[in-house]
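Q: Please take a close look at the pockets of this protein and at what lines them. I would like one connected account.

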Amino acid sequence: ATDFGHIWGPRLIVSALAVLAALPRADWARWFALALATLLLGSLGLVGHGAIGSGLVGLLNETSQALHLLSSGFWLGALLPLLYLLSLFRNPALAHQADVALRRFSGLGHLAVAILLLSGVANTWFVIGTNGNLSAPYQQLLLLKIGIAGTMCLVAIANRYLFMPRIPNGGPGARQLARGTIAEIVLGAIILGLVATIGMMAPS
């Protein structure tokens, strides 16, 4: 009967549908599974710290939390497929298609990171506001998370603007970009661990 239960009840049904939708190999099933996965991830913004506030403020907080989850999910979720994509540059027959896919991901990645940063700032304001208390464990871990996320952004910038231009003509960029992508995955895993810990703490 709680707000948490009202969200998680339907989420269990959507989760089961997502598993079933992932089984067929048809294109429509893949798009349906993607839509369900997007709904599952975004709906986490309706519980926990995302449920702080009421009225318009509460709605804006939930929207910001959902956008933060979706943009970070896109970024982190694309990194493992990106590693596979980079391995295709070793095959001359697939190098062109891999380059097209990489550039498409790069464009979407810019948008995802921009949404991630803006929603992160908004989330911090909604949850903490002007009541900064750096002696509180929650806020100390939040600062650590922000620092690691900033480092991850710097690695992503180096990947895009230093290593990616070195890929054509058999350059070393693919190997360098793969190492940078692995660094992003490690940093992202640390952030996920921090988020899991912060999510169980009071924001004060």
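A: A pocket here is an open set of grid points where a 1.4 Å probe fits, with protein on both sides within 12 Å along at least five of seven lines. The model is a predicted one. By that definition, the second largest pocket has a volume of about 350 Å³. It is lined by 19 residues, and Gly109, His110, Ala156, Ile157 and Arg160 are the closest to its centre. Helices α3, α4, α5 and α6 each give two or more residues to this lining. By class, the lining of the second largest pocket holds twelve nonpolar, five polar and two charged residues.

The largest pocket holds about 1100 Å³ of space. Its lining counts 39 residues, of which Gln65, His68, Leu69, Lys145 and Val195 are the closest to the centre. Two or more lining residues come from each of α1 (3–21), α3 (55–87), α4 (92–128), α5 and α6 (173–198). The lining of the largest pocket divides into 24 nonpolar, 14 polar and one charged residues.

Lys145, one of the residues closest to the centre of the largest pocket, deserves a separate look. Lys145 sits in helix α5, which spans residues 137–163. Lys145 is buried but forms no salt bridge. The nearest side chain of opposite charge belongs to Glu184, 15 Å away, whereas a salt bridge requires a nitrogen-to-oxygen distance within 4 Å. Leaving aside residues up to four places away in sequence, Lys145 touches His68, Ile191, Leu194 and Val195. Among these contacts, His68 and Val195 are also listed with Lys145 as closest to the centre of the largest pocket.

How values were computed
Residues numbered from 1 in each chain as written. Predicted model: local features only at pLDDT ≥ 70, side-chain atom pairs only at ≥ 80, totals over all residues. Heavy atoms only, no water. Helix = DSSP H or I, 4+ residues; strand = E, 2+ residues; numbered from the N terminus. Buried < 20%, exposed > 50% of the residue type's maximum accessible area, 1.4 Å probe, protein only. Lys, Arg positive; Asp, Glu negative; His and termini not counted. Contact = heavy atoms within 4.5 Å. 1 Å grid on protein atoms, 1.4 Å probe; cavity = no way out; pocket = protein on both sides within 12 Å on 5 of 7 lines; lining within 4 Å. Points joined across faces, edges and corners; volume = space filled by probe spheres on them. Nonpolar A, V, L, I, M, F, W, Y, C, P; charged D, E, K, R; others polar.
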